[in-house]
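Keep the viewer open as you read.

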Amino acid sequence: LVIFYLKNMEDKLMKMKRIPILLTLTLALALSTGCGKADDTQTKPTAETGTATNADSSSAADTEEEPAADTSDDKAKEEKIDTVILKEADDNMLNTYTVIAVNSEAPFVDADNNPVSDVSVNTQGADALTEWFLSQEALDIADEYGVADYGEHLFYVKEDAPVYSGEIAPATEDNKVLRLSTTTSVNASGLLSHMLPTFEEKYGYTVEVQSAGTGQAIAAAKNGNADLILVHAKVQEEAFVEEGFARTVEGFQSERNSFLYNYFVLCGPSSDPAGAASCESVLDAFAAIADGKYTFISRGDGSGTHTKELSLWPENLGITAEPESFADYTEWYISANAGMGACLVMAEEKEAYILNDKATFLTF
């Protein structure tokens with residue numbers, strides 16, 4: 001081990017041209033440790049298991065070989081992860097994804113709600129990606145995503161999803177770059193990075209993905225910074241349509257085209273102090289969490305996940321997106337105003353409950 005350490009140190013010290021110091025260090029360590037022969041009680045990891053075994057002796061030549069990789073630290077880290085899925089596949093936890101093309105004539109506004117002019121929307125590119133998302137090719141890619149790694153679907157195709165079978169126009173020099181504003185769940189789960197290369201290679205487009213909570217993803221489109229959106233919050237989507245920001249792509253019946261779904265999952269510590277896993281429904285589980293004042297991490301960011309979470313609390317609690325609505329519950333209700341990954345880390349650290357989409361939870 002001393003020799004292995006010194007070989008690594010030598011590479012670094014050579015770069016700094018400090019060879020005299022290395023030689024001095026080598027001599028000092030050799031004299032103080034007797035590295036030419038190991039003590040009879042010395043242990044070393046076995047190649048197969050990484051566990052310690054007794055070694056009668058160990059020559060310098062033997063120890064010069066790079067030791068086998070030891071994954072015990074990685075396994076230990078995995079064993080420490082205690083956040084688990086406690087409630088899933090409840091009808092109240094359905095999570096539907098919808099693609100909407102942006103209207104180039106929309107009343108665009110800036111962050112301060114002031115009118116914005118001269119917004120350029122790539123309608124041809126948005127049409128092409130919308131059509132491809134709803135093609136059988138794309139639906140099949142989305143449907144099989146994650147099955148090989150997790151033994152189950154991370155996303156499902158809606159039975160009534162519109163299916164496009166017409167021609168898709170390839171990119172031109174003028175419209176080859178298009179902007180997709182989307183929710184973190186389809187991005188953090190890896191779905192888009194799994195799907196989009198096929199579309200880009202086949203049709204010549206480059207898709208610039210902006211990922212945030214649904215509220216922020218929709219806001220980006222309202223600011224004129226997106227050509228289409230892929231989100232999962234029906235109420236916010238309908239408002240987007242009603243306010244004139246959406247358009248119907250030719251060949252489809254509606255501005256909103258819902259085509260994928262999965263389920264939100266209620267997660268928490270394996271000890272499950274609220275007994276959420278044994279509750280009859282997710283609504284009962286949320287009531288039990290509130291009754292026992294068990295720590296809950298809320299996204300608090302206006303995302304689709306946050307919107308769904310707000311709908312699951314007992315009405316008498318009055319929890320909404322407004323901070324004053326949960327001011328009396330801050331000892332257990334934590335509004336993080338953060339993305340899904342950061343919130344999952346927080347839930348793990350605090351042994352807290354959390355709502356998230358299953359695809360993101362499994363891939364995270």
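1. Which residues does F199 touch, not counting residues up to four places away in sequence? F199 touches A128, L129, W132, L178, G204, Y205 and V207, where contact means heavy atoms within 4.5 Å.

2. A word on the basis: this is a predicted model, in which local features need pLDDT of at least 70 and side-chain atom pairs count only at pLDDT 80 or more, while totals for chains, interfaces and linings use all residues. Residues are numbered from 1 along each chain as its sequence is written, and side-chain values use heavy atoms, leaving out hydrogens and water.

3. F199 is also among the residues that touch the most other members of the largest nonpolar core, together with L129, W132, F133, L230 and F259; this core has 37 residues. Such a core is a set of buried (under 20% relative accessible area, 1.4 Å probe, protein chains only) Ala, Val, Leu, Ile, Met, Phe, Trp, Tyr and Cys residues joined through side-chain atoms within 4.5 Å. Elements giving two or more residues to this core include α5 (123-133), β6 (177-183) and β10. Helix α9 gives the most, with 6 residues. Apart from this core lies another, of 24 residues, including F264 and L312.

4. Now look at helix α12 (residues 282-292), where V282, A285, F286, A288, I289 and A290 are buried. Their cover includes β3 (83-87), β10 (257-269) and α13 (304-310). Just after α12, K293 has a positive phi of about 55°. Helices (H or I, at least four residues) and strands (E, at least two) are DSSP runs, numbered from the N terminus.

5. Finally, T360 sits in helix α15 (residues 358-363). T360 is buried, at 2% relative accessible area.

Notes: Buried < 20%, exposed > 50% of the residue type's maximum accessible area, 1.4 Å probe, protein only.
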